[in-house]
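Biologist: I'm new to reading structures. Could you please take me slowly through the side-chain contacts, and then through the pocket?

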Amino acid sequence: MKLQVRNLEKCFTDKGTYVNVLADINLDVYDGEFVSVIGPSGCGKTTLLNCISGLEEPDSGLINIEGEESQSRLGRVGYMPQKDLLFPWRTVLENALLGMEIRGHSRIESRKRAGELMERFGLDGFEYKTPSVLSGGMRQRVAFMRTLMTDQELIVLDEPFGALDAFTRHQMQEWLVDIWSSMGKTIILITHDVDEALLLSDRVIVLTARPASVKLVVNVGLPRPRRYRMVTDTAFIALKEQLIRALWSDEV
Amino acid sequence: MKPEAGFGVASRDIGRLVLYLIPPGIITSVFVIWELSVSLFDVPVWLLPAPSDILVEGKENYSLLWHHTLVTLKEVVFGFLVALGVGLVLAFCMVFSRAFERAVYPFIVASQTIPIIAIAPLLLIWVGYGITPKIIVVALISFFPIVVNTMDGFKAVDSDAMNMMRTFGASRWQIFPKLQLPNSLPYLFTGMKIAIVVSVIGAVIGEWVGASEGLGYLMTRSIPQFQTDRVFAAMFILSFLGIILFMLVIALRRVIVPWYQSEEYKS
C-alpha cells in the first residue's frame, strides 16, 4: 500500500465563515498504481493534493505513506502543478535536474541519467537551450522530467495538461502512460477531464461537490497500452457513462 | 500578397529608423531654438549662455572640467557601490527575519524623509571634509530604491514555484539561492537604474555644502562670479554622466539577467 487516506477533513475560514472543503475522504492507492481523482470544479481536489503532498495539514484524519503515518510529508511526495514553472535562468537540462539537485543527488550521476532520458522525453538537442524556446508540450515534458527523476515514488499531478491544446494534450497523455509504465512510479492525477481519467488510470475516484467526499470508485479494466482511439470503444463508453452519471447526478 | 509584405517590412524599417532618430532630433532642435533665441533677443552670457558659448567654455577649460568630473565620478561610483552592498545585505536580512524587517524598515523609510540637504552639512562636522561625506550622501540617497526593489523581488516569487520547491524537500537555504535570488535580479536592476541616476544628484549635493573639488563645487564657485557658461557646462557633463552610467547599468543587466529580455518578448 503506497498511500492510505482515512477520514480526512479540512476547513477554511473565509472572512469569518467556515468553508468545509473536504469531508471524510477515504482513499487507498497501491504500489505502482495510476489513480485519477475527478470531481466538479472547486470541489477541493487541489486541497486534497496539497494535503497528500504535505503543503497543507488536514484538520483531522490520517495520511499514511508506505504504511507509516508521517508528520512531515514534504519531500516524500513528488508534485507537479498545472503550470510548468520552469525557471528562465536555467537551461532545459538544469531545469530537469532541479529536483535531484535539491535532494542532494550527485551532479555527475544526475546528468548521466538526464542525458539518457532526454531522448525519451523528446528533448534531445534542447539540453542547453533556455525554456523560452520550447513549445507548451515540450515545457510540460521538462516539468515531468524534473518531477519523475527524483527518488520520490508517489507523484501527484494537478491537471498537468490543462493548459495545452487538445491535440498536444492527447499526445502527452499517451506519452505519459508509456513513461509511467516503464518507471514504476505511483501516480495520482487530478483532472476534470473524464476521457483523460479513463485513458490513463487503473482506477478513477469521483468526488462529490464541496464539501468533497468519495462518491464512486471505478476500476478501469481497459487493456494496456492505452491509445487515444480507444475513446470510441464500447467498453470505454460504458465506463464514461458511469462516470458522467456520477458527476452530474446532483444537477437537476 | 508579396509586394504588400515587402512594403510592410520597408515601412517597419523606416519606423524603427524614425524611433532611433527621435532623441537626437529633439535635442538638436532644442539647441537650435535656444541658440537662435539667445542671439535674436541679444541675451547676455551671464544671464543665459548660448549652446555655442557653453561649447567654447567646455573646450577652453577642458582640463579643469575633466579634473572635477573625475572627482564627482569617483564619488558617484563609490557611493553607488556602498549603496548596492548595504542595500543587498539589508534586503537579505529583512527577507530572512521578519523581526529584523519590522525593526529596520521604519528607519529605512524615515531616512528618506529627512532632507539630505540638512544631513550633508552635519556629515561635514562628523566625518570631515574629504570624499567620505560625499560617498555617504550618495549612498544614503541611492540605497533606498535598491533595498525596496530587491525586497519586492525576493517576495514576488510565484507561490506555486515556492510550493514546488517545498515538495522537493528544499530548505530555506536552498530556496533562497535557487529561486528567490535569481527571481529578484530584474527587480534589483530596476532599483539600480533609479539609484545610479540619483547618485549623481547625491554627489552634487554632497559637494554643494562643502568641498574643494568636483563639479558641484565648481558650480558653487562659478555662480557668484556670474560664470554662467561654466555652470551650464558642468550641468551638461553631469547629465551626460548620468545617461552613460544609466546605460551601463542596462548593459550589465543584459549580461547578468539575459532571460529578462526573452521573457519580456514572450508576454
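Modeller: Happy to! Let's begin with A:Glu101, which is partly exposed at a relative accessible area of 24% (buried means under 20%, exposed over 50% and partly exposed in between, using a 1.4 Å probe and protein chains only). Keep in mind that this is a predicted model, where local features need pLDDT of at least 70 and side-chain atom pairs count only at pLDDT 80 or more, while totals for chains, interfaces and linings use all residues. Residues are numbered from 1 along each chain as its sequence is written, chains are lettered from A and ligands numbered from 1 in the order in which they are written, and side-chain values use heavy atoms, leaving out hydrogens and water.

Side chains of opposite charge can pair when their charged atoms come close. A:Glu101 has such a partner in B:Lys178: they form a salt bridge with the closest N and O atoms 2.6 Å apart (a side-chain nitrogen of Lys or Arg within 4 Å of a carboxyl oxygen of Asp or Glu). This pair joins two chains, because B:Lys178 lies in helix H8 (residues 172–208) of chain B and A:Glu101 in helix H2 (residues 92–102) of chain A (helices, H or I of at least four residues, and strands, E of at least two, are DSSP runs numbered from the N terminus).

Next, A:Asp151 and A:Arg103 meet in a salt bridge of 2.7 Å, N to O. A:Asp151 sits in the loop between helix H4 (136–148) and strand E7 (154–158) of chain A, and A:Arg103 in the loop between H2 and helix H3 (107–120) of chain A, so this bridge ties together parts 48 residues apart in sequence. A:Asp151 is partly exposed at 43%, and A:Arg103 is partly exposed at 26%.

A:Arg203 counts as buried at 12% relative accessibility, and A:Glu33 counts as buried at 9%. Elsewhere, A:Lys2, A:Asp31, A:Glu66 and A:Glu153 are linked in a salt-bridge network. Over all chains, the count comes to 20 salt bridges.

Now for the rings. The whole structure has 16 aromatic pairs over all chains (rings of Phe, Tyr and Trp, its six-membered ring, with centres within 6.5 Å; planes under 30 degrees apart are stacked, over 60 edge-to-face and the rest tilted). The pair of A:Phe34 and A:Trp180 is edge-to-face, because the ring centres are 5.3 Å apart and the planes are at 85 degrees. That pair links A:Phe34 in strand E3 of chain A to A:Trp180 in helix H5 (residues 166–183) of chain A, 146 residues apart. A:Phe34 is buried at 0%, and A:Trp180 counts as buried at 8%. In chain B, one aromatic cluster is formed by B:Phe92, B:Phe96, B:Phe154, B:Trp173 and B:Phe176.

Finally, the largest pocket: 6 residues of its lining, the largest share, come from H10(B) (a pocket, on a 1 Å grid over the protein atoms alone, is an open set of points where a 1.4 Å probe fits, with protein on both sides within 12 Å along at least five of seven lines; lining residues have an atom within 4 Å of a point).
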